[in-house]
Amino acid sequence: MTMLPPFSIVIPAFNEAHRIGQTLRDVFGYLRGASPESELIVVNDGSSDANSEVTRKVFATENKIVASLLENVQNRGKGEAVRLVWLAA
């Protein structure tokens, strides 16, 4: 597999606790093989479920890919979640 240059993956998430864990494991697996210097950013957009807890638990098992979790206190929509990432960058 050809190595890709570093890039950022942004995942806006709202009430995704039931599937975010597997999604993050899949993304980490891809990045480890294709572009290990890349980063993963998850934006929890005011979820009322365990989205943040599941995300933190998966992040704790990963030691090769840079990962961060940004949080909106209340749901503001996908556009605002992506905007938050741009401001943080």
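Is asparagine 44 buried or exposed, and what is its relative accessible area? Asparagine 44 is buried, with a relative accessible area of 4%. The notes below start from the whole chain and come back to this residue. The model is a predicted one.

1. **Overall fold.** The chain holds three helices and three strands. From the N terminus on, these elements run β-α-β-α-β-α. The radius of gyration is 13 Å, close to the 12 Å that the globule rule gives for 89 residues, so the chain is as compact as a globular protein of that length. Along its principal axes, the C-alpha trace spans about 40 × 25 × 15 Å.

2. Of the 89 residues in the chain, 35% are buried. The accessible surface comes to about 5500 Å². Carbon and sulfur atoms account for 55% of that surface. Among contacts with a separation of 6 or more, 75% are between residues 24 or more positions apart.

3. **Asparagine 44.** This residue lies in strand S2, which covers residues 39-45. Its side chain makes a polar contact with the side chain of asparagine 51, at 3.1 Å. Leaving aside neighbours within four places in sequence, asparagine 44 is in contact with Ala13, Asn51, Ser52, Leu69, Leu70, Glu71 and Asn72. Why does asparagine 44 count as buried? Its relative accessible area is 4%, and buried means under 20%.

4. **Helix H1, geometry.** H1 has 15 residues, 20-34. At 1.5 Å a residue, the helix should span 21 Å. Its end C-alpha atoms are 21 Å apart, which agrees.

5. **Helix H1, packing.** Which residues of H1 are buried? They are Ile20, Gly21, Leu24, Val27, Phe28, Leu31 and Ala34. These buried residues pack against strand S1 (8-13), S2, helix H2 (51-61) and strand S3 (66-72).

6. **Arginine 25.** This residue also has its place in helix H1. Arginine 25 counts as partly exposed, at 44% relative accessibility.

7. **The aromatic pair.** How many aromatic pairs are there? The count comes to one. The rings of phenylalanine 28 and phenylalanine 59 have their centres 5.9 Å apart and their planes at 65 degrees, so the pair is edge-to-face. The angle cut-off for that label is over 60 degrees. The pair links distant parts of the chain: phenylalanine 28 is in helix H1 and phenylalanine 59 in helix H2, 31 residues apart. Phenylalanine 28 is buried at 2% relative accessibility. Phenylalanine 59 is buried too, at 14%.

8. **Asparagine 15.** A backbone angle to check here. Most residues other than glycine have a negative phi. Asparagine 15 is not a glycine, yet its phi is positive, at about 50 degrees. Where is asparagine 15 placed? It sits in the loop between S1 and H1. At 23% relative accessibility, asparagine 15 counts as partly exposed.

9. **Serine 48.** This residue lies in the loop between S2 and H2. Is serine 48 buried or exposed? Serine 48 counts as exposed, because its relative accessibility is 67% and the cut-off is over 50%. Serine 48 and alanine 17 are 31 residues apart in sequence. In space, their C-alpha atoms are 9.5 Å apart.

10. **Valine 54.** This residue lies in helix H2. At 23% relative accessibility, valine 54 counts as partly exposed. Which residues does valine 54 touch, not counting those up to four places away in sequence? They are Ala17, Ile20 and Gly21. Glycine 79 is 25 residues from valine 54 in sequence. The C-alpha atoms of valine 54 and glycine 79 are 23 Å apart.

Terms used:
Residues numbered from 1 in each chain as written. Predicted model: local features only at pLDDT ≥ 70, side-chain atom pairs only at ≥ 80, totals over all residues. Heavy atoms only, no water. Helix = DSSP H or I, 4+ residues; strand = E, 2+ residues; numbered from the N terminus. Buried < 20%, exposed > 50% of the residue type's maximum accessible area, 1.4 Å probe, protein only. Polar contact = N/O pair within 3.5 Å; in protein donor to acceptor, adjacent residues only side chain to side chain. Contact = heavy atoms within 4.5 Å. Expected span 1.5 Å × (residues − 1). Rg over C-alpha atoms; globule rule 2.2 N^0.38 Å. Areas by Shrake-Rupley, 256 points an atom, 1.4 Å probe, with all protein chains shown as cover. Phe/Tyr/Trp six-rings, centres within 6.5 Å; stacked < 30°, edge-to-face > 60°.
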